[in-house]
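Visitor: I'm new to this one. Could you walk me through it?

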Amino acid sequence: MQIINEGHISNSLNRALEQNHRGDFALLLAMLDENVCENAQFKIAKQQQQAFESDEAYLKQQLGVVHQYKVAADDAAFESALDQSYALNFAGLAMNKLVACLNPPALSQFNDKAKVDQHVIDNLSLHARNRLFALQQAADEQQPTQTDPTLLYDILQAV
């Protein structure tokens with residue numbers, strides 16, 4: 001049974017809060033649906049969302065705001081990592097933090113947009129994890145299985 005809102009658990013949430021039952025309160029909160037975007041009343045119209053994004057992009061361009069962190073590493077990110085290691089080895093931790101703030105590292109060392117590090121997946125919510133795994137399974141099902149003729153030859157040689 002999935003609980004959508006507090007109305008489904010009636011007074012249990014209030015009773016757990018009043019009686020200081022932290023375990024019950026945490027369990028009831030965990031049972032609530034955490035993806036608010038799936039509910040229809042929270043969806044933003046596409047036109048409003050596009051207008052907001054264009055306004056935000058215009059403001060960022062006017063103010064000279066750049067993205068603080070790169071998502072995927074490029075050559076400049078690897079040079080930045082090298083500079084940070086030199087700063088740590090020769091000038092200490094404070095200099096390393098300064099170099100990292102001036103030229104922030106990339107969030108991922110891979111340039112593959114489909115690859116997500118395992119520690120990032122571990123920190124996702126249960127809903128986001130399920131969605132990611134569903135997308136991965138759909139992508140795996142769409143790819144046709146390829147046979148390797150050299151493997152078949154190896155198997156025949158072993159027989």
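Predicted model: local features only at pLDDT ≥ 70, side-chain atom pairs only at ≥ 80, totals over all residues.

Visitor: How do the axes of H4 and H5 cross?
Guide: Two packed helices are described by the angle and the distance between their axes. The axes of H4 and helix H5 (residues 93-102) come within 7 Å and cross at roughly 160°. That makes H4 roughly antiparallel to H5, a term for angles over 145 degrees. Their crossing is right-handed.

Visitor: Which residues in H4 and H5 meet?
Guide: Contact means heavy atoms within 4.5 Å. From H4, Asp-83, Gln-84, Ala-87, Leu-88 and Ala-91 meet Leu-93, Met-95, Asn-96, Val-99 and Ala-100 in H5. They divide into seven nonpolar, two polar and one charged.

Visitor: Is Ser-80 buried or exposed?
Guide: Buried means under 20% relative accessible area and exposed over 50%, with a 1.4 Å probe and protein chains only. Ser-80, in helix H4 (residues 75-91), has 2%, so Ser-80 is buried. Leaving aside residues up to four places away in sequence, Ser-80 touches Asn-103 and Pro-104.

Visitor: What about the phi of Asn-20?
Guide: Asn-20 isn't a glycine, yet its phi is positive, about 60°. Asn-20 lies in the loop between helix H1 (12-18) and helix H2 (22-31), and counts as exposed because its relative accessibility is 55%.

How values were computed:
Residues numbered from 1 in each chain as written. Heavy atoms only, no water. Helix = DSSP H or I, 4+ residues; strand = E, 2+ residues; numbered from the N terminus. Axes fitted to C-alpha atoms, helices over the stretch in contact; angles between N-to-C directions. Parallel < 35°, antiparallel > 145°, perpendicular 65-115°, else oblique. Left-handed = near helix turned anticlockwise from the far one by under 90°. Nonpolar A, V, L, I, M, F, W, Y, C, P; charged D, E, K, R; others polar.
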